[in-house]
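Please examine the sequence and the model before reading on.

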Number of protein chains: 2
Amino acid sequence: MSARVELLAPDGIPEIRPGDDLAAIIAEALRDGDIGLQEDDVLVITQKVVSKAEGRLVELASVSPSPEAVEYATRWGKDPRQVEVVLRESAEVLRMAEGGLIISRTPHGFVCANAGVDLSNVGDGEVATLLPLDPDGSARGLAAGLGELLGVRPAVVISDSFGRPWRNGIVNVAIGVAGLEPLLDLRGAPDAQGRVMHSTVIAVADEIASAAELAGGKTDQRPVVVVRGYTTSRVVDGPGAAALVMDRAHDLFP
Amino acid sequence: MSARVELLAPDGIPEIRPGDDLAAIIAEALRDGDIGLQEDDVLVITQKVVSKAEGRLVELASVSPSPEAVEYATRWGKDPRQVEVVLRESAEVLRMAEGGLIISRTPHGFVCANAGVDLSNVGDGEVATLLPLDPDGSARGLAAGLGELLGVRPAVVISDSFGRPWRNGIVNVAIGVAGLEPLLDLRGAPDAQGRVMHSTVIAVADEIASAAELAGGKTDQRPVVVVRGYTTSRVVDGPGAAALVMDRAHDLFP
């Protein structure tokens with residue numbers, strides 16, 4: 001006897017552009033990859049393709065930096081237009097580090113580098129990709145769309161890679177969740193020896209996002225991963241990744 | 001075409017006791033579960049069973065709390081003997097929270113609640129389980145032992161569940177690593193569009209630890225998970241989880 005969970009990442013998802021029907025593109029890739037969708041599947045989708053489909057892109061050439069952005073950028077040797085976009089996407093700036101890294105709290109409550117803004121070169125210009133405005137809403141929409149197309153409504157996790165204090169390297173976390181409880185609350189549940197566990201709440205949506213990265217990879221064109229065989233608390237939509245954001249009153253490192 | 005990673009957790013691993021030959025017990029469970037070991041497998045093992053096998057246990061009844069522990073415990077309504085054990089296992093205390101939660105830096109450099117000390121009831125008394133003294137050494141030893149028993153030397157990750165600032169819930173991270181590079185350094189590697197990525201170092205050992213939790217579970221008696229199909233940078237032993245500990249000079253939240 002053993003437990004078995006599979007992480008399945010289809011190839012063949014093309015470069016996503018604003019206005020693309022992401023659910024339809026994913027459905028096709030799942031069909032072509034002979035993966036499909038099964039009951040209890042969790043679909044992990046990278047933030048980047050969701051943001052692109054939703055048109056959350058800003059051409060740096062179109063950005064007029066504020067005096068504050070110019071001051072920051074000059075001080076840290078950065079592009080003032082990039083700093084401007086990061087500041088616009090930040091509800092609060094927590095730290096500025098050497099090299100111009102900005103740690104901010106986004107309007108969603110996520111604490112991450114550069115407010116989740118990614119820069120990439122598209123043609124001749126630089127384009128900033130922003131986080132979705134409402135990643136939980138994006139996840140719900142994708143779950144519903146895939147349910148219509150494939151006849152099974154998956155849970156959906158939208159992932160992004162965040163750094164952490166005290167530990168090197170970035171890990172994937174959940175920034176949008178639909179169809180599963182993002183937190184598995186084992187408080188009061190008996191452990192393997194039948195004793196009651198007291199203070200265990202597991203951020204399963206974050207662990208699912210991290211797991212997906214193992215199959216999806218970072219440089220590969222595999223922005224979608226099916227997590228199959230993981231039975232967790234399924235809900236129609238649930239509280240979303242918003243439930244993963246710590247109440248600042250409880251945060252020991254605000 | 002698609003990428004596929006499996007997470008396989010054998011049943012049947014008994015309660016581990018000090019002095020148990022953990023490699024032999026795991027080897028038997030992998031054989032009995034028809035899982036075995038294959039080239040490139042990563043074996044994830046929870047800290048709790050490693051600590052128990054290594055005898056990293058303290059009976060609370062044997063602990064004489066220091067005046068400092070008594071003062072802390074009185075202030076927060078905790079058992080002074082528990083506080084004493086946590087303080088002994090802490091290189092530095094970062095925060096004391098209401099309810100008596102202590103956030104410390106361990107001698108290994110890990111920042112976590114209660115210095116990684118778990119309490120459980122064994123018979124009539126309470127027993128504290130401490131982190132392994134040298135989790136990277138434990139991982140190397142288990143990798144070598146399993147290699148001898150099964151003819152394939154796996155990479156080994158020893159996992160524990162840590163809380164994080166800013167996000168609710170705990171997630172599994174790597175506290176000991178052997179046989180793989182814990183950090184995947186993509187700096188300078190081209191992304192899917194052939195552009196050069198600039199600042200991406202992925203904490204793959206932490207993601208592997210998190211992934212394993214999906215198959216191993218928290219309340220289940222499945223402290224061992226085989227991650228199969230994930231091809232990462234394999235090394236004979238490598239820098240271990242020590243490479244995941246951030247240099248305090250670079251930490252924005254010291």
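At roughly what angle do the axes of helix H1 (residues 22-32) of chain B and helix H5 (residues 135-150) of chain B cross? They cross at roughly 50° and come within 9 Å. The model is a predicted one, in which local features need pLDDT of at least 70, side-chain atom pairs count only at pLDDT 80 or more, and totals for chains, interfaces and linings use all residues. Residues are numbered from 1 along each chain as its sequence is written, while chains are lettered from A and ligands numbered from 1 in the order in which they are written.

- Helices (H or I, at least four residues) and strands (E, at least two) are DSSP runs, numbered from the N terminus; axes are lines fitted to C-alpha atoms, for helices over the stretch in contact, and angles run from 0 to 180 degrees between N-to-C directions.
- The angle makes H1(B) oblique to H5(B), given that angles under 35 degrees count as roughly parallel, over 145 as roughly antiparallel, 65 to 115 as roughly perpendicular and the rest as oblique.
- H1(B) passes H5(B) in a right-handed crossing; a crossing is right-handed if the near helix is turned clockwise from the far one by less than a right angle, and left-handed if anticlockwise.
- On the H1(B) side, Leu22(B), Ala23(B), Ala24(B), Ile26(B), Ala27(B) and Leu30(B) meet Leu142(B), Gly145(B), Leu146(B), Leu149(B) and Leu150(B) of H5(B), where contact requires C-beta atoms, placed from the backbone, to lie within 7 Å.
- The contact of H1(B) with H5(B) comprises 10 nonpolar residues, one polar and no charged; Ala, Val, Leu, Ile, Met, Phe, Trp, Tyr, Cys and Pro count as nonpolar, Asp, Glu, Lys and Arg as charged, and the others, Gly among them, as polar.
- Helix H3 (residues 67-76) and helix H4 (residues 80-88) of chain B have axes that come within 8 Å and cross at roughly 120°, and are therefore oblique to each other.
- The crossing of H3(B) and H4(B) is right-handed, and the contact joins Glu68(B), Ala69(B), Val70(B), Tyr72(B) and Ala73(B) of H3(B) to Pro80(B), Val83(B), Glu84(B) and Leu87(B) of H4(B).
- Seven nonpolar, no polar and two charged residues make up the contact of H3(B) with H4(B).

**Contact between chains A and B**

- Each chain contributes to the contact, with 61 residues from chain A and 61 residues from chain B.
- On the side of chain A that touches chain B, two or more residues come from each of strand E1 (2-10), strand E7 (118-122), strand E10 (167-178), strand E12 (201-202) and H6 of chain A.
- E1(A) gives the most to this side, with nine residues.
- By class, the side of chain A that touches chain B holds 34 nonpolar, 12 polar and 15 charged residues.
- Helix H6 (residues 204-216) of chain A packs against helix H6 (residues 204-216) of chain B at an angle of about 115°, with axes 8 Å apart; H6(A) and H6(B) are therefore roughly perpendicular to each other.
- Their crossing is left-handed.
- Glu207(A), Ile208(A), Ser210(A), Ala211(A), Glu213(A) and Leu214(A) meet Glu207(B), Ile208(B), Ser210(B), Ala211(B), Glu213(B) and Leu214(B), a contact of six nonpolar, two polar and four charged residues.

- Beyond four places in sequence, the contacts of Val157(A) are Val42(A), Val44(A), Ala139(A), Ala174(A), Val177(A), Ala205(A), Ile208(A) and Ala209(A).
- Val5(A) is in strand E1 of chain A and counts as buried, with 25 C-beta neighbours inside 10 Å; the cut-offs are 20 or more other C-beta atoms within 10 Å for buried, 12 or fewer for exposed, and in between for partly exposed.
- Not counting residues up to four places away in sequence, Val5(A) touches Val227(A), Arg228(A), Gly229(A), Tyr230(A), Leu7(B), Leu214(B) and Ala215(B).
- Ser120(A), in strand E7 of chain A, is partly exposed, with 15 other C-beta atoms within 10 Å.

**Positive phi values**

- Ala115(A), a residue other than glycine, has a positive phi near 55°; Ala115(A) is buried, with 25 other C-beta atoms within 10 Å.
- Trp166(B) has a positive phi of about 75° although it is not a glycine, and is found in the loop between strand E9 (155-164) and strand E10 (167-178) of chain B.

How values were computed
Contact = placed C-beta atoms within 7 Å.
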